[in-house]
Each structure stands twice: as C-alpha cells, then as structure tokens.
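Please open the structure in a viewer and keep the selection tool at hand.

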Amino acid sequence: LERIGRGHPHRDIDIIAHSQGGILARALLVKLARSWTGEVPRVEHVVTLAAPHRGAPVAALAAATSPVGRVATALWRGAARFLPIPPPDAPAIAQLGPGSPLMAELAAEDVAYGARLLALGMPHDVIVPADRAGLTHEASAMVSPNEVWGHSSIVRAAATRSLAYSFLRDAAAACRGIWDRAAPLLGRTVSDFWAGVGRVLGR
C-alpha cells in the first residue's frame, strides 16, 4: 500500500481478497485505523470471496485430541506436503478457528478506515460455509452455485464478477435472491457437520 501511495498519490484503492485473504484485509484495516500515515492510500472498497468472517469450522479440527483425531491430523499434515493447504499446526489454522483471539478481535471492530465491505459466499462451500462468510453490519450476498468445489469456484463465477463490479462502482444493491435466503441454512448444516466431526475426533 505504501508503494502504491508513492506511485499514485491521493488515489483511493479497492481490495479484493479470497478466503484467508479477506481476514488479512480486515486485520490490515484495523491496523491502519490505529496507526494511519498519509503515505498509505485510503481503502474505499473491500470485496471478500468466501472469507471466514465468523471462523472456519474445519480449522477447529486441528485441535482434535482423541486417537482418531490424532490420526486425522497426521493425515492432514501429510496432505499439506502435496496440496496447497496449511498444515494443522500452522498459526493461520489456529487464527481462523471460530472463537480464536483474532476472530474475536475482528468481531469487536467495525470495518475501519472508512472502507465499505461486500462479503460474498457460496451455498455449497464446505471449507467456509455460507453462514460463516457474511458480516452482520456490512453488505453480504450469496453467489449461485458454480462448478463442484464452491470454495475455489467463487473466484471464477460470472455472478461474482457482476456483484463485485456493481459494488465497486457504488451501484444500488441487488435484490436478495433465493440463494441469499437459502444459503445460510445450507451453511449451518455444513457447520453442524464439521461440529459433529469435531465431537467424533475428540475435541
């Protein structure tokens, strides 16, 4: 941001972030609100795609302590060597879990620094369930299901681009559709599933 500010002084910027990146963007805005300098451009809009604003329930599984849970986290650790996922003992996993100190800090803060925020989610996202992707006091919308893997396909969906573009140009909010009403219910089902898995694994 400081580099952008030096190259384009007095210009506002927008941030578009996916998954954990949306949480990083919010944490950045909190930090900027506490220690702003004139060298940093103002963030006008933030659009998050499948960001776990209310915590990612799958992250809580890293703390499983039963024998079955220890086997599951060992498999997770092995998979992280070959897949683009963090291992279960990574700091990011602990921070993204529901009820973590970072989640609690962000929940206590408004989206700071004068930015407007749009939180987008997908009904069939099993990593960040739809009930975890929205924010109560900010604009939120659900993108209709696209492809099989909701957590990554939200980035490629035409509806995502349309909603984000309208928000970035300060157009009127779109009417709430069927997925805006149904997705939180589906999301709670997914969150409950992960909670059940956590109980089985001995959390």
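The lining of the largest pocket comprises 20 nonpolar residues, five polar residues and no charged ones. The model shown is a predicted one.

**The largest pocket.** Select Val 58, Trp 76, Ile 85, Pro 86 and Ile 127, which lie nearest the centre of the largest pocket among its 25 lining residues. The space in this pocket amounts to about 700 Å³. Next, colour α3 (67-79) and α4 (91-96), each of which supplies at least two residues of the lining. With five residues, α3 provides the largest share.

**The second largest pocket.** Move on to Leu 118, Ser 140, Ala 141, Ala 173 and Ala 174; of the 17 lining residues of the second largest pocket, these lie nearest its centre. Two or more lining residues come from each of β3 (116-121), β4 and α7 (158-168). Which element gives the most to this lining? The answer is β4, with four residues. By class, the lining divides into 11 nonpolar, three polar and three charged residues. About 330 Å³ of space lies here.

**Helix α8.** Now select residues 178-200, the 23 residues of helix α8. From first C-alpha to last, α8 reaches 33 Å, close to the 33 Å expected at 1.5 Å a residue. Within α8, display Asp 180, Ala 183, Gly 187, Val 190, Ser 191, Trp 194 and Gly 198, which are buried. In an α-helix, residues three or four places apart point the same way, because there are 3.6 residues a turn. Strand β4 (139-142) is included in what covers the buried residues of α8.

Methods: Residues are numbered from 1 along each chain as its sequence is written. This is a predicted model: local features need pLDDT of at least 70, side-chain atom pairs count only at pLDDT 80 or more; totals for chains, interfaces and linings use all residues. Side-chain values use heavy atoms; hydrogens and water are left out. The expected span of a helix is 1.5 Å times one less than its number of residues. Buried means under 20% relative accessible area, exposed over 50%, partly exposed in between (1.4 Å probe, protein chains only). Contact means heavy atoms within 4.5 Å. On a 1 Å grid over the protein atoms alone, a cavity is a set of points where a 1.4 Å probe fits but cannot get out, and a pocket is an open set with protein on both sides within 12 Å along at least five of seven lines; lining residues have an atom within 4 Å of a point. Grid points are joined across faces, edges and corners, and a volume is the space filled by probe spheres set on the points. Ala, Val, Leu, Ile, Met, Phe, Trp, Tyr, Cys and Pro count as nonpolar, Asp, Glu, Lys and Arg as charged, and the others, Gly among them, as polar.
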